[in-house]
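Q: I have a structure open and would like to go through it with you. Can we start with single residues and then zoom out?

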Amino acid sequence: MIKIYNTFSKKKEEIPKKKTLSLYTCGPTVYDYDHLGHAISYTNADILRRTLEYNGYKVKHVMNITDVGHLTSDADTGEDKMEKSAKEKRQSIWEIADYYTKVFFQNRKKLNILDPHITCKASDCVKETIDLIKILIKKEYAYQISDGIYFDVQKFPEYGKLSGNTIAELKEGVRIEKNPEKKHPADFALWKFSPKDKKRQMEWDSPWGKGFPGWHMECSTIAKKHLGKTIDFHTGGEDNIFPHHESEIAQSETINNKRFVNIWFHTRHLKVEGEKMSKSLKNFLTLKDIQEKGFDPLALRYLFLTAHYRTSFNFTEEGLKAAQKALKNLYNHFLLLKEEKGINKEYQEEFQKAINNDLDMPKALSIVWKLIKDEKAKDKKQTLINFDQVLGLKLKNFKLEIPKEVKELIKKREKERKQKNWKEADQLRDEVEKMGFTIKDTEEGPKVLLV
Ligand SMILES: [Zn+2]
């Protein structure tokens, strides 16, 4: 039995009883480099998918790429993040989108995050989005004002059910309404008109006038197009809960007359050295920053596994150092394991129980180490490879790439050892260690490990 915490019910819930599960992930807005906050959120979604697959489910995974319509303010005012970035960087939106999408996927690969089966850009589904807005207008859940078409939240009394807001509280919470034509401050844009005085790079004709889709619409469109009316899992960061996911629910449930999502899965905020990541503190760390400091991206993945996805993660360089050390240690132990074909059922059951309990990865990692240190346990190697389907630390084909120079030094050392020249042999070992490797003498001869 797999239980996953549902943000909607605020409880751990048994997952839907089906053979194929649908999984929708809110993708990035590709106007800038993705940072560690993205990395942890997408890694956790990956752990979720891998856990479902580990249990024998087939998962259909879809993700959007936001290349239009995400404005700088959540109140649907301000500039389009893509248009703004393109202007600042003096490139076209398409160039910016292509570039940051490519980097995003490279980073996912480095973190060993599985690719979604379908990825769809917001700009590639504008026609379908317009069709859905037509339905909302026909059902009288949407209205037109001078700058666009808006969703009328007062027609959808459940608005706020995911985030714990109510329509009345949302009204009181707004001090100055930036857009007085809106019927309610929480009404959100489905379609925005292009400004009359400026030409946008991305804009389309619609029955209501030239413009572009509102940010929340793309997810309702893409989810429906590729996964149907109800999806089993919807993942994202907790900052997406309101207004983004709340608005997706209002749109989709009005259009489809059906529950939109069975289980909402959210990763908590990531802090850097105890501080909130923010533009003013300039502490948006990217994977490139981490690599430039000499860290392996998989050490970051290991680090993420050490905390539960529903705790607020505090990233520290100390923590990453410890994770890198632990990962090397894991690889070293793995290299020394005997070649056995079986799987240790006892440990496998324990591991499965941990991951199926709302992805308890800290527990799962502790089981990994318990297995490694258990002198009596059999079949360690294949069992670890089996666990790695979920951990994603690339154990399966793990082999050390040993440089030629290191191999030569090891050969020389063996010669010296045979002649009992211990001092020379030790010197050669020191040289090997300077190059990032070490030698462990085993019954089968010397084995090369990571320092
Ligand atoms: Zn979304």
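Q: How accessible is Glu414: buried, partly exposed or exposed?
A: This is a predicted model, and in it Glu414 is partly exposed, because its relative accessible area is 21%. The cut-off for buried is under 20%.

Q: Which side chain does Glu414 meet in a salt bridge?
A: That of Arg413, with 3.9 Å from N to O. Arg413 has 2% relative accessibility, so Arg413 counts as buried.

Q: And which residues are linked with Arg413 and Glu414 in a network of salt bridges?
A: Arg417, Arg429 and Asp441 are linked with them in that network.

Q: How many salt bridges does the structure hold?
A: The structure holds 32 salt bridges. One of them joins Asp46 to Arg301, with the closest N and O atoms 2.9 Å apart.

Q: Where do Asp46 and Arg301 sit in the chain?
A: Asp46 is in helix H1, residues 36–54, and Arg301 is in helix H9, residues 297–305. The pair links distant parts of the chain, 255 residues apart.

Q: Are those two buried or exposed?
A: Asp46 is buried, because its relative accessible area is 3%. Arg301 counts as buried too, at 0% relative accessibility.

Q: What about Lys199, which residue does it form a salt bridge with?
A: Lys199 forms a salt bridge with Glu203, and the closest N and O atoms are 2.9 Å apart. Lys199 is exposed, with a relative accessible area of 70%, whereas Glu203 is buried, at 18%.

Q: Switching to aromatics. How many aromatic pairs are there?
A: The count comes to 18 aromatic pairs. Take Tyr141 and Phe151: their ring centres are 6.1 Å apart and their planes are at 40°, so the pair is tilted.

Q: Where are Tyr141 and Phe151 in the chain?
A: Tyr141 is in the loop between helix H4 (126–138) and strand S6 (142–145), and Phe151 is in strand S7, residues 148–151. They are 10 residues apart. Tyr141 counts as partly exposed, at 22% relative accessibility, and Phe151 counts as buried, at 0%.

Q: How is the pair of Tyr331 and Phe398 arranged?
A: Tyr331 and Phe398 are stacked, with 3.9 Å centre to centre and 10° between the planes. Tyr331 is in helix H10 (residues 317–336), and Phe398 is in the loop between helix H13 (380–391) and H14, 67 residues apart. Tyr331 is buried, with a relative accessible area of 5%, and Phe398 counts as buried at 18%.

Q: Which residues do ring pairs link into a cluster?
A: Tyr141, Phe151, Phe156, Tyr159, Phe188 and Phe242.

Q: Zooming out, how many helices and strands are in the protein?
A: There are 15 helices and 16 strands. The C-alpha atoms fill a box of roughly 90 × 50 × 35 Å along the principal axes.

Q: What share of the residues is buried?
A: Buried residues make up 53% of the 451 residues in the protein.

Notes:
Residues numbered from 1 in each chain as written. Predicted model: local features only at pLDDT ≥ 70, side-chain atom pairs only at ≥ 80, totals over all residues. Heavy atoms only, no water. Phe/Tyr/Trp six-rings, centres within 6.5 Å; stacked < 30°, edge-to-face > 60°. Helix = DSSP H or I, 4+ residues; strand = E, 2+ residues; numbered from the N terminus. Buried < 20%, exposed > 50% of the residue type's maximum accessible area, 1.4 Å probe, protein only. Salt bridge = Lys/Arg side-chain N within 4 Å of Asp/Glu carboxyl O.
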